[in-house]
Amino acid sequence: MRAPSTNWREQVAPDEDERFARYAQGLVAAQRKRSAAQGEGRALHRKQVLALAGELEVAAGLPAHASHGLFASPGRHEVLVRLSNGAMERSSDRRPDVRGFSFKVFGVKGPNALGSGETTSQDFTMINHDKFSAAKAAEFAELVLALDRGPLAVLGHLVRTYGFFGALRHAKAAKAVITKPFTGFATERFSTVLPLCCGPYAMRARLLPPGGEPRPDARDDWAADLRGRLERGPLSYRMQAQFFVDEAITPIEDASVDWPESEAPWIDVATLTIAPQSFDDEAAKARQAKAEQGIFDPWNALAEHRPLGDVMRARKVAYYASQKARGVA
Ligand code: HEM
C-alpha cells in the first residue's frame, strides 16, 4: 500500500483540441438523427430510467488528503439522481448496455472547474464498470461514431485501425463491455472510473450498492425494480474514494487501468440515501422532467474536483456540445 501523493501530472496532446471538437461534432450529428426519430435527448445515455431525490451525508473525521472541496467538512446535501441506459437511442431495458448513475450534489459553493466563475453544485457521472473500455478518448469516440454508421462501418473501422486479428480482439472486448451482466441499480457498484482532483490530490470515486437479492425479472424494467425496493424502505449507498499514488500504478492519462485496491485502498467518504418517495404525483413528474432536461456533467464541478486526464478532457467538449444540441446550454 502506498501513501496518497500530490505528484500527479496531466499530459495534454498538442492536437487534442482539434480532435475533441471533431468527436463532439460527430456525436452531435448522431444525436440529431436520433432526436428526429425519438424527440430531443442526449447524444449518449439518452434513456432516463428514473430520477430520484436523495441526500448525501459527507462523513466526519476524513483524513487530510480527502478533506477538500465537497469533502472538506461534514454535512448533509440535497441530491438529484439520474439513472440511465448508455445507448444513443431509447430502447428496452432488456438490451445489454452500459448503465449510468449520475448525481448532482447541491449546497456547495466555490470557483468552478472550467475556470469561468462559481458553481453551486457538484456532479458525479458514474457507470457500472471499474475501468474504461479504452485508454484514450480517440479509441472510444471513433468506435461510437462507427457504431452510428452500422455494423459494417464498425468492422471496417476495426480492421483499418487494428488489422484483421486485432479487429477480432477489439470486437470481442467491446462486446464484453456492453454485455457485462447487470442486475439492477440497487445491486451493482458504480464508479467515476476516471480521476478528478481532490484539492492537490487526485481521486476516483465509487458507490457501493445497498445490496439485497437481485430480482430475476428486474431487467424487464429497472425503474420498477427500484420503486419496489423503495416501497420497503430507504436505499443507502456508501460513497468511497481512492487516491493517486504513483503514475505507474494509478495513471492519470490511461483510462483503461483499474487503480489497484491493494496499492490505493478505497475509504468511505459519504453516504447517499434515497428515501421512499412518490412516483405518480406532480412533484414526481417535475423531478423526472428536471433530470431529463438537466445537466449532469463531470465538468460541472468545483475547481477542487476538476476532472483529469485525456478522456475527461474529451468529455468536456462532448457533453457541452450534446447539451447545446438538446437546448439546455
Ligand atoms: C470519450 C469518452 C466519453 C464521451 C465522448 C462521452 C460522451 C457523453 C455524452 C455526449 C453524453 C450526453 C451528455 C448530455 O447531453 O447531458 C454522455 C452522458 C453520460 N456519460 Fe459519457 N462520455 C464518455 C465517457 C464516459 C465515462 C468514462 C463515463 C463514466 C465513468 C460516462 C458516463 C456518462 C453518464 C453517466 C452519462 C449520463 C449523464 C446524465 O445522466 O445526464 N461517460 N456521455
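Helices (H or I, at least four residues) and strands (E, at least two) are DSSP runs, numbered from the N terminus. The model is predicted: local features need pLDDT of at least 70, side-chain atom pairs count only at pLDDT 80 or more, and totals for chains, interfaces and linings use all residues. Residue numbers start from 1 along each chain as its sequence is written.

**View 1. Helix 6 and the glycine after it.** Glycine 327 follows helix 6. Its phi is positive, near 75°. The expected span of a helix is 1.5 Å times one less than its number of residues. Helix 6 has 16 residues, so it should span 22 Å; its end C-alpha atoms lie 23 Å apart, which agrees. Buried residues have 20 or more other C-beta atoms, placed from the backbone, within 10 Å of their own. In helix 6 these include Asp310, Met312, Arg315 and Tyr319. The buried residues of helix 6 pack against helix 1 and helix 2.

**View 2. Helix 1 against helix 6.** The two helices pack at an angle of about 35°, with axes 9 Å apart. Axes are lines fitted to C-alpha atoms over the stretch in contact, and angles run from 0 to 180 degrees between N-to-C directions. The crossing of helix 1 and helix 6 is right-handed, that is, the near helix is turned clockwise from the far one by less than a right angle. Contact means C-beta atoms, placed from the backbone, within 7 Å. Among the residues that meet are Phe20, Leu27 and Arg32 in helix 1 and Arg313, Val317 and Ser322 in helix 6. The residues of this contact divide into 11 nonpolar, two polar and three charged. Nonpolar covers Ala, Val, Leu, Ile, Met, Phe, Trp, Tyr, Cys and Pro; charged covers Asp, Glu, Lys and Arg; the others, Gly among them, are polar.

**View 3. The shell around the ligand.** There are 29 residues around the ligand, each with its C-beta atom, placed from the backbone, within 6 Å of it. His45, Gly100, Ser102, Phe296 and Ser322 come nearest. Elements giving two or more residues include helix 1 (16–38), strand 3 (99–111) and helix 6 (310–325). Helix 6 gives the largest share, seven residues. The shell divides into 17 nonpolar, eight polar and four charged residues.

**View 4. Two loop residues with positive phi.** Most residues other than glycine have a negative phi. Histidine 45 has a positive phi of about 50°. Histidine 45 sits in the loop between helix 1 and strand 1 (47–58). Histidine 45 is buried, with 24 other C-beta atoms within 10 Å. Valine 193 has a positive phi of about 60°. Its loop runs between strand 5 (190–191) and strand 6 (196–198). Valine 193 is buried, with 23 other C-beta atoms within 10 Å.

Conventions. Two residues are in contact if their C-beta atoms, placed from the backbone, lie within 7 Å. A residue is buried if 20 or more other C-beta atoms lie within 10 Å of its own, exposed if 12 or fewer, and partly exposed in between; C-beta atoms are placed from the backbone.
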